Amino acid sequence: MVDTKNNGEERKKLIYAGQMHLVHWLIVLLSVVLTFGAWYYSKSQFNQKLEDKFQRNAEQVVSLVKERMQLYENALWSSVAYIDADETDITHTKWLAYSKSLKIDLTYPGINGIGIIYNIQADQLDDYIEKQRVLRPNYAIHPSHNESEYWPITYVEPAAPNKKAIGLDMAFETNRYSSIKKARDTGVAQLTGPITLVQDAKKTPGFLFYTPFYKNGTKPESTEARRDAIDGVTYAPFIMKNLMQGTLAEKNRHVSIQIRDAGDLLFDDHDDESVLDADANPLFTKEQDISLYGRTWSFTIQSNLDFRDESAANQSSFILMGGLVIDALLLGLFLFLSRANRQALAYADHMTHALEEKTIHLEKSNSDLEQFSYVASHDLKSPLNAIKQLVGWIAEDCQDIIPDESKKHLALLAQRSDRMMKLLNDLLDYSRINRSEFKSELVNLNEMSIDILHLIDKPPGFNISAPDIEIMIPRAPFEIVLRNLISNSIKHHDEKSGYVRISCKSSSDYHVITVEDDGPGIPEKFHDKAMEMFQTLKSRDKVEGSGMGLAMIKRVTEHYQGSISIVSDGQRGTKVIIHWPTS
């Protein structure tokens, strides 16, 4: 006898199972919300990183300009020292020889020349001109003016491109005259306001740079004493466009620059018709005022098209597209299962014959349904596995260029794929993506030191020794540390020959690696500064380097729970001691 009551209950369950319910829509909606949330967060993080990158570029531009101006100041003060040290009068021949020794074109890119301007009182003018015409018969002061004193350009080298400037009197024009008097009265270097150099045929903005020197090499303390003792100034003329070309190569930066002095335009990248990367609608703009030798330069820095192009690859778009694909698959799964249940109910409706026949047909229907679900599950696994594989490829290909937050977002895609697999067969494992760590392995100190020497340019006079021992340590990060230490010891050495000695003592807790050299040493007060980012104890014009060597060593060592210390008396020799945990 057929149990119609039970059959009715079963039928209701099948009808209920064949419908989309609120819980299904809530799951899909939550998945969509999480997808857009992850996309929005990733996009916000990406935009923040873009802004940070722009700020670094802008700060670098300003820093390079300041460093370049300090280099020129040093050159002018060196000229003052030369004049003070020479007890006789500086002649044209002497100044020519001195300027040639500076190798201006190579050492000071962007400078138009370097010269001397003497302060001549009215009663000294005839003697001054007579003296200058001994070697230069055509020497003359120009133009005429109404001031009571004269500040003529006496010497400037190279002379050929600066021919029109020789004899030019700084007292004839306000910007030139006021700045030279300010240099005289303060005893410090001064810039003029924007001017047009007489030697600039294109009449573009420029300026002059003055450093004062006083009679008999004195350094007067008061303004009145300086005015009484002034002898003249060393000076350098600059065409602003040439200065910036010598300071900042357009191809090496991703920002455009505009510089003004008291509202007057000094420099604008976009005035050059050859510059094609100006962004009409820049992503970022920064304005900054800096004080330079009595003047205030206003910088307007904007991101250019190169910056926009480098920033175009936004991984948040991949997260959004991948998440929406998974959301669509999830919805498709629910709809597919509902449809499968409805098909099962329709199939059961045909079994209205005898109970035995109905039971046989019902068993067959269940068998078919199980097989159908298996096939459906298998068919859905294939595209889902392809999506998981695509996520893995993205993570693998972009491992070194995407930030940690983006790696977490890719991990989120993988986790969502795993959840889809759970809904299909309820037998899939939960997976997580963890960042790989370097494993400790046996490293031979002597062999690693030899390998490092093959990668750096070791001068022939240097000897390097390391013990022939093996230690358990992560190879890649330790090689970075050892390579930077060896390179620093050689690069900062003040002799053509020397040694670098590597030693190692191991305990149950630490490997203690010491790298010792016989270089100039590091004064104790600079030990902490030497390990900061972008810090060098010598001018970058003397030692090529970014100032990141010891900072990189410190960061790698501390990442592995180790420590670094410097031992040096600042006179001779330096020891850098690394404590690296054994486990």
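pLDDT is the predictor's confidence in each residue, from 0 to 100. This is a predicted model, where local features need pLDDT of at least 70, side-chain atom pairs count only at pLDDT 80 or more, and totals for chains, interfaces and linings use all residues. Residues are numbered from 1 along each chain as its sequence is written, and side-chain values use heavy atoms, with hydrogens and water left out.

Q: What is the average pLDDT of the protein chain?
A: The chain averages 81, and 81% of the residues score at least 70. Residues 372-376 stay under 50, though, with four contacts (heavy atoms within 4.5 Å) beyond four places in sequence. Residues 537-547 are also below 50, and that stretch has 19 contacts beyond near neighbours in sequence. Where pLDDT is low, the predicted coordinates should not be read in detail.

Q: Why is Ile578 called buried?
A: Buried means under 20% relative accessible area (1.4 Å probe, protein chains only), with exposed over 50% and partly exposed in between. Ile578 has 2%, so it counts as buried.

Q: How far apart are the C-alpha atoms of Ile578 and Cys504?
A: They're separated by 9.4 Å, with the two residues 74 apart along the chain.
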